[in-house]
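Subject: A structure for you to look at

Hello,

I am passing on a structure that I have been going through, and I would be glad if you kept it open while you read. My notes on what was found in it follow below.

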Amino acid sequence: KVISVGVGLDIAKFQNAETGSIIAKKMPDDKCNLVYVGKLEERRNIGFLLELFVKISEKKKNVHFTIVGNGDKKYEAGIMGTIISLEQSGILEYYPHATQSELAEVYKKADIMVFPSLYEIYGMVLMEAMYFGTAVVSSANGGATALIDHGQDGIIVNDFQKEHWLAAVLQLIDDPKFLLKLKRNAEVKIKKKFTWDMVAKKFIKIYQEMI
């Protein structure tokens with residue numbers, strides 16, 4: 001008999017975090033902040049992500065994009081031209097590295113995490129983002145389907161048609177009440193169910209039931 005109990009988030013790495021992150025400071029207070037955190041690699045669908053950012057920026061002027069992560073140099077070379085172009089336009093900031101303290105501040109400042117990954121085993125960055133109250137718009141991958149109740153604490157897009165992703169993100173930008181609902185519900189869910197303390201209690205409960 002096999003029972004899936006899930007994976008927990010180690011919140012200790014975010015505790016006692018230093019404040020004053022340069023990355024977070026460059027995320028404007030008067031715009032909707034969209035972020036991507038993770039590897040720059042083919043399975044993360046970064047080319048699609050950048051094309052989506054361009055489409056969003058054409059529709060909305062009150063947005064700002066932040067990307068944190070790096071990857072294979074050959075892959076990076078193929079997308080860096082678009083990243084530089086978006087940086088020069090003033091709507092994107094790119095950072096190859098960030099400490100856990102800096103990431104905590106980035107998540108707190110962010111409004112929406114966009115995550116069009118082609119596949120994931122779990123996707124810890126989704127859990128991190130939700131823990132800090134960032135609304136997640138994600139592909140239907142291993143982490144997203146385990147963590148997100150669509151329309152309640154995040155959005156899952158079941159294909160890679162740009163118009164569907166664009167519609168999902170624009171809905172959140174245009175409806176602050178809905179965005180706030182997702183942000184609050186995401187934070188509550190992770191803190192109540194997905195920290196290691198909460199998952200450990202689930203381990204113990206299931207073990208006691210089995211014996």
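Strand β2 is mostly covered, since six of its six residues are buried, where buried means under 20% relative accessible area, exposed means over 50%, and partly exposed lies in between (1.4 Å probe, protein chains only). The cover is found on both faces of β2, with V63, F65 and I67 buried on one side and H64, T66 and V68 buried on the other. In a regular strand the side chains alternate between the two faces of the sheet.

Before going further, please keep in mind that this is a predicted model, in which local features need pLDDT of at least 70 and side-chain atom pairs count only at pLDDT 80 or more, while totals for chains, interfaces and linings use all residues. Residues are numbered from 1 along each chain as its sequence is written, and side-chain values use heavy atoms, with hydrogens and water left out.

The chain has nine helices and six strands, which are DSSP runs numbered from the N terminus (helices are H or I with at least four residues, strands are E with at least two). The radius of gyration of the chain is 17 Å, close to the 17 Å that the globule rule gives for 211 residues, so the chain is as compact as a globular protein of that length; this radius is taken over C-alpha atoms, and the rule is 2.2 Å times the number of residues to the power 0.38. Along its principal axes the C-alpha trace spans about 60 × 40 × 40 Å, and 49% of the 211 residues count as buried.

Now to the sheet. It is an open sheet of six strands in the order β3-β2-β1-β4-β5-β6, with parallel pairing, where two strands pair if DSSP finds at least two bridges between them. Strands β3 (92-95) and β6 (155-157) stand at the edges with a single partner strand each, so one side of each is left without a neighbour in the sheet. Neighbouring strands are turned by 20° against each other on average, direction ignored; axes here are lines fitted to C-alpha atoms, for helices over the stretch in contact, and angles run from 0 to 180 degrees between N-to-C directions. Strands β1 and β2 pair in the parallel sense over six bridges, and the bridge partner of N33 in β2 is H64. Strand β1 (residues 32-37) also pairs with β4 (residues 112-115) in the parallel sense, over two bridges, and there L34 stands opposite I112 in β4.

Two helices lie across this sheet. Helix α7 (residues 162-174) lies across β1, β2, β4, β5 and β6, running at about 175° to β5, whereas helix α8 (residues 176-194) lies across β4, β5 and β6 and runs at about 85° to β5.

Which residues touch the most other members of the largest nonpolar core? Of its 68 residues, they are F53, I56 and I112, a nonpolar core being a set of buried Ala, Val, Leu, Ile, Met, Phe, Trp, Tyr and Cys residues joined through side-chain atoms within 4.5 Å. Leaving aside neighbours within four places in sequence, I56 is in contact (heavy atoms within 4.5 Å) with L34, V63, F65, L166, V169 and I173.

Two polar residues deserve a separate look. D153 has its place in the loop between α6 (142-147) and β6, and at 4% relative accessibility D153 counts as buried. The side chains of D153 and K189 are joined by a polar contact of 2.8 Å, that is, a pair of N or O atoms within 3.5 Å, of which, within protein, one must be able to donate a hydrogen and the other to accept it, and residues adjacent in sequence count only if both atoms are side-chain atoms. A polar atom of the D153 side chain also lies 2.7 Å from the backbone nitrogen of D149.

N141, in the loop between β5 and α6, is buried too, with a relative accessible area of 4%. Its side chain has a polar atom 3.1 Å from the backbone nitrogen of G143, and the side chain of N141 reaches the backbone nitrogen of A144 at 3.0 Å.

With best wishes
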